[in-house]
Amino acid sequence: MSRRTLMRGTAAAGALAALGGSLAACGTKGTKQTEATCVSTDNSATEKTLAFSNWPLYIDVDEKDETKRPSLIGFEQATGIKVTYAEDINDNNEFFGKINKQLGACQSIDRDVIVMTDWMAGKLVRLGWMQKLDKANLPNVAAHLSSFLKAPSWDPNDEYGVVWQAGLTGVAYNAKVTKEVRSINDLLTRPDLKGKVAMLSEMEDTMALMLLANGNDPRTFTDAQFDAALAKLEKAVQSGQIRKFTGNEYAQDLDKGDIAACFAWSGDVIQLGFENENVKWVNPEEGFTYFTDNMMVPNKATHKANAEKLMNYYYDPKVAAEVAAWVNYICPVDGAQAEMAKVDPELAENPLIFPTGEELAKAKDFRTLTDAEIKSYGEKFQKVIGA
């Protein structure tokens, strides 16, 4: 079970309610901060500790002792910094609800590193709640961060986040119950797939692919293009072409053949494929998208330099390969593929963990939305999918 697997399974049901609460909190007067209004102190020189919050099942684990995480042990031995590691981020909006009052008031959340998905990372930066990183402390990141992942729209100067892992959103199908699927429009129109299609309940993922199906770029789309793509989705819903919208439960349905094809996340499909050779991944003809999860240092964290040492450590290609071998998402570290080949040659050749530059060049991300757009688009989408 991957980190994305767990997140999607827990997030879908309460996403809209959580979103509404987050927006309300975000709009409260005085929640935004700046470097001048919220000053943080770094005690790294005298305190060799670090509090690291991540998603469940999103780091390497010792096969003989699941309480041990070999890469973290290696970091502690190399630096003398004791890490308190918590798997307490289960959903972006849910976690925002836990931290927004403290960060909005310039108070500590007792964490030095948190891992946030790109769209939420951008929101936290806009609120002024994250500390700028010292690039001089991140030479491995400068040397090995994949060029494709540099300067995202939410962090154009690479000042606030370092990519932990990335992943693709595309199409999967079960070859035992259907013929080959090649495109997003196959899912929307093919008669043999009617009533056998699932799409994702998270708006950004499904609508990014729907925009691509309409020939629009999810990085630059307009309100009118969003509405046209949504109308196309609504038509497929009303005709019965789409069976349901799901969180991660699509994985189990696809594995069993209860659905024939769906929108899917790359790491889930890799893991399903280990057990079921009929589960196939497709980079759709119209295009596909990617996401990133990012290490960040919140305001009032008191071990920023220690956090930067951790980030730099995980950009050692050998360490990055150890993590990638377990989590099965896109490794953001150049040089890790050669190290992976020494550990697991088959995984090293997996294009969903180490995509080629040609494939990555085709991937799009969903543009950063304003809070008003998040609310407006989210409400429209939820109405169409019947949530």
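Author: Buried means under 20% relative accessible area, exposed over 50%, and partly exposed in between (1.4 Å probe, protein chains only). The model is predicted, so local features need pLDDT of at least 70 and side-chain atom pairs pLDDT 80 or more, while totals for chains, interfaces and linings use all residues. Residues are numbered from 1 along each chain as its sequence is written, and side-chain values use heavy atoms, without hydrogens and water.

Reader: Why is Lys362 called partly exposed?

Author: Its relative accessibility is 41%, which lies between the cut-offs, so Lys362 counts as partly exposed. Glu359, at 24%, is also partly exposed.

Reader: What makes Glu359 and Lys362 a salt bridge?

Author: The term requires a side-chain nitrogen of Lys or Arg within 4 Å of a carboxyl oxygen of Asp or Glu. For Glu359 and Lys362 the N to O distance is 3.4 Å, so the pair qualifies.

Reader: Why are α3 and α12 called oblique?

Author: Angles under 35 degrees count as roughly parallel, over 145 as roughly antiparallel, 65 to 115 as roughly perpendicular and the rest as oblique. The axes of α3 and α12 cross at roughly 125°, and the two helices are therefore oblique to each other.

Definitions and conventions
Axes fitted to C-alpha atoms, helices over the stretch in contact; angles between N-to-C directions. Helix = DSSP H or I, 4+ residues; strand = E, 2+ residues; numbered from the N terminus.
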